[in-house]
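I opened my notebook to record what I looked up in this model.

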Amino acid sequence: MEKKKYIDHTLLKADAKQSDIETLCAEAKEHDFASVCVNTYWVPLCAELLHGTDVKVCCVVGFPLGAMSTKAKAFETAEACANGAQEIDMVINVGELKAKHDAAVLADIKAVVEAANGACVKVIIENCLLTKEEIIRACRLCVEAKATFVKTSTGFSTGGATIEDVQLMKDAVAGHCKVKAAGGIRTPEEMEAMIEAGADRIGTSAGVRLIEK
């Protein structure tokens, strides 16, 4: 697979304007990235701008904390898909995972997978807040919930993707989910290292820089 097709070209900043989203989509079209990743408000615009291309519209749900109600996450997912989202990047309830309330975490992920109605669901487990044991447990819950990807980070917490975490996640899902590395990947060398470690997708706001070496 070409490197450009690993990239989810991302803009999630609170102060992003319509002109910024238009630029994001134009860059994604020009470089034929895998997707653009935006907040749900911008999904209809991205769907319009990317219509007729194979660049997918991805959006975040329950972002960036994951501590929203399950019903709210499911509603946000269904609304985004109805508006043209083809991929959903949801955040787990980190506190419930750390409390070992696995049934609640599983139900939360399952609700989003069901609301996505066949669309790709990537589950952000926010590794920087978790122990290795918790990362492994989160990955296994994602597999059980039939998510498409496990994802390292929101990029809005205390840390981003690491090689070690990508390798750990790859082993934990054992081929049943793909792995997305996101957070702090800003050079071609960092992207290459993540792919070599097992990442199937790269979330980055520096997509153009990563392929224009």
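I began with A174, which sits in the loop between α7 and β7 (178-182). Helices here are DSSP runs of H or I with at least four residues, strands are runs of E with at least two, and both are numbered from the N terminus. The model is predicted, so local features need pLDDT of at least 70 and side-chain atom pairs pLDDT 80 or more, while totals for chains, interfaces and linings use all residues. Residues are numbered from 1 along each chain as its sequence is written, and side-chain values use heavy atoms, without hydrogens or water.

Why did I stop at A174? Its phi is near 50 degrees, a positive value in a residue other than glycine. Most residues other than glycine have a negative phi, and most peptide bonds are trans. A174 has 54% relative accessibility, so it counts as exposed. I noted the cut-offs: buried is under 20% relative accessible area, exposed is over 50%, and partly exposed is in between, with a 1.4 Å probe and protein chains only.

Next I checked K100. It is not a glycine either, yet its phi is positive, about 65 degrees. K100 lies in the loop between α4 (94-98) and α5 (102-116). Its relative accessible area is 59%, so K100 is exposed.

Then I looked at a peptide bond. From F63 to P64 it is cis, with omega near 0 degrees. P64 belongs to the loop between β3 (56-61) and α3 (70-82).

**Salt bridges**

Side chains of opposite charge can pair when their charged atoms come close. My rule was a side-chain nitrogen of Lys or Arg within 4 Å of a carboxyl oxygen of Asp or Glu. How many salt bridges does this rule give? The count is 19.

I looked up D32 and K5. Their side chains form a salt bridge, 3.0 Å from N to O. D32 is in the loop between α1 (18-31) and β2 (35-38), and K5 is in the segment before β1 (7-10), so the pair ties together parts 27 residues apart in sequence. D32 is partly exposed, at 23% relative accessible area. K5, at 18%, counts as buried.

K151 and D89 came next, with a salt bridge of 2.9 Å from N to O. K151 is in strand β6 (residues 149-151) and D89 in strand β4 (residues 87-91), 62 residues apart. Are they buried or exposed? K151 and D89 are buried.

R137 is buried at 13% relative accessibility. E133 is partly exposed at 42%. I also noted a network: salt bridges with shared partners join D8, E87, D89, K122, K151, K180 and R201.

**Helix packing**

Last, I turned to α7 (residues 163-173) and α8 (residues 188-197). They pack at about 25 degrees, with axes 8 Å apart. Angles under 35 degrees count as roughly parallel, and α7 and α8 are therefore roughly parallel to each other. Which residues make the contact (heavy atoms within 4.5 Å)? I163, V166, Q167 and K170 come from α7, and A193, M194 and A197 from α8.

Note on methods:
Axes fitted to C-alpha atoms, helices over the stretch in contact; angles between N-to-C directions. Parallel < 35°, antiparallel > 145°, perpendicular 65-115°, else oblique. Contact = heavy atoms within 4.5 Å.
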